[in-house]
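Here's a quick briefing to read with the model open beside you.

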Amino acid sequence: MIQTCLFPAAGYGTRFLPATKSLPKEMLPILTKPLIHYGVDEAREAGMRNMAFVTGRGKRALEDYFDISYELEHQIAGSNKEYLLSEIRDLMSSCSFSFTRQSAMKGLGHAIYTGKNLVADEPFGVILADDLCVNEDGVNVMSQMTQIYEKYRCSIVAVMEVPKQNVSSYGVVNGKFIEDDLMMVSDMVEKPDPKDAPTNLAIIGRYILTPDIFEILETTNPGKNGEIQITDALLKQAQNGIVLAYKFKGRRFDCGSVSGFVEATNFFYEHDNGSK
């Protein structure tokens, strides 16, 4: 079973300025829980208990969130508001949390490499918290991916179909389907021009990576936008072995954009009220 999930969380969140000038984008709330809480919930439901975070300057709120607030605990102890902390208390008691800092923003591949010492020599999950995923009809996306990993024991990326004109915002995969919704990757391109994109299957913020990815990242040159791209490293891994792309079951909200954030907020508000 995969024990560790890595959360790259060092980005600036510029699409949400000025709010993210002092608030990490991962702490933006969908209703009463920040995005990072949803991500950790998903990892825990997939059986992971070691939560590892790659943060940056101005991200101290992430560490504080997964720690005890003695003054707040004291103020609401015994009151009718104490139950509001039950979820985060449960997370804190059932998981471990470790943090390291990315000194410079050099791309997702560099952020993942920065987390190497937190992961150890084992396969691990990666969740980008601003990609909020839900599956009302079954297990969550990371749980779906861990089940696939148990069968194939290789790196896996979650993908979804997007309009062709939007592929320039994503890493895009191509290959051969070996099962329904499961592709063996033969090509992977970061943010292609729509006219050059091999498919419209776009990678979203869910990965399972085998530890040899760190050796590949160590020698991966900067690619698109001068950054170290995880897609470039995964393409090398696919050329040397196997990388799978999984068309996940469920729904993804791009909470890194204002429109996606509002859409997610409305969805969870309607869902929560409908269940009461």
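**Salt bridges and the rest at a glance**

The count comes to 16 salt bridges, a salt bridge being a side-chain nitrogen of Lys or Arg within 4 Å of a carboxyl oxygen of Asp or Glu. Bear in mind that this is a predicted model, where local features need pLDDT of at least 70, side-chain atom pairs count only at pLDDT 80 or more, and totals for chains, interfaces and linings use all residues. Residues are numbered from 1 along each chain as its sequence is written, and side-chain values use heavy atoms, with hydrogens and water left out.

**Charge pairs**

- Side chains of opposite charge can pair when their charged atoms come close.
- Lys195 and Asp193 meet through their side chains in a salt bridge, 3.5 Å from N to O. Lys195 is exposed at 68% relative accessibility, while Asp193 is partly exposed at 37%. (Buried means under 20% relative accessible area, exposed over 50%, and partly exposed in between, with a 1.4 Å probe and protein chains only.)
- Elsewhere, salt bridges with shared partners tie Lys33, Asp41 and Glu87 into one network.
- Lys33 and Asp41 are both buried.
- Glu190 pairs with Lys191, their closest N and O atoms being 2.8 Å apart. Glu190 counts as buried because its relative accessibility is 12%, whereas Lys191, at 25%, is partly exposed.

**Helices α1 and α4**

- Two packed helices are described by the angle between their axes and the distance between the axes.
- Here, α1 (residues 35-45) and α4 (residues 86-94) have axes that come within 11 Å and cross at roughly 50°. Helices are DSSP runs of H or I with at least four residues, strands are runs of E with at least two, and both are numbered from the N terminus. Axes are lines fitted to C-alpha atoms, for helices over the stretch in contact, and angles run from 0 to 180 degrees between N-to-C directions.
- That angle makes α1 and α4 oblique to each other: under 35 degrees would be roughly parallel, over 145 roughly antiparallel, 65 to 115 roughly perpendicular, and the rest is oblique.
- From α1, His37, Val40, Asp41 and Arg44 meet Glu87, Ile88, Asp90, Leu91 and Ser94 of α4, contact meaning heavy atoms within 4.5 Å.

**Two buried residues**

- Lys59 sits in the loop between β4 (50-55) and α2 (60-65), and it counts as buried at 5% relative accessibility. Leaving aside neighbours within four places in sequence, Lys59 is in contact with Ala9, Ala10, Gly11, Pro24, Lys25 and Glu26.
- Thr146 belongs to helix α7 (residues 141-152) and is buried, with a relative accessible area of 13%. Not counting residues up to four places away in sequence, Thr146 touches Ile2, Ala46, Met48 and Ile208.

- Most residues other than glycine have a negative phi, and most peptide bonds are trans.
- Leu17 and Pro18 are joined by a cis peptide bond, with omega about 5°. Pro18 lies in the loop between β1 (4-8) and β2 (29-30).
- Ala120 has a positive phi, near 70°. Ala120 is in the loop between α6 (116-119) and β6 (124-127), and is partly exposed at 46%.
- Arg153 has a positive phi too, near 55°, and is in the loop between α7 and β8 (155-161).
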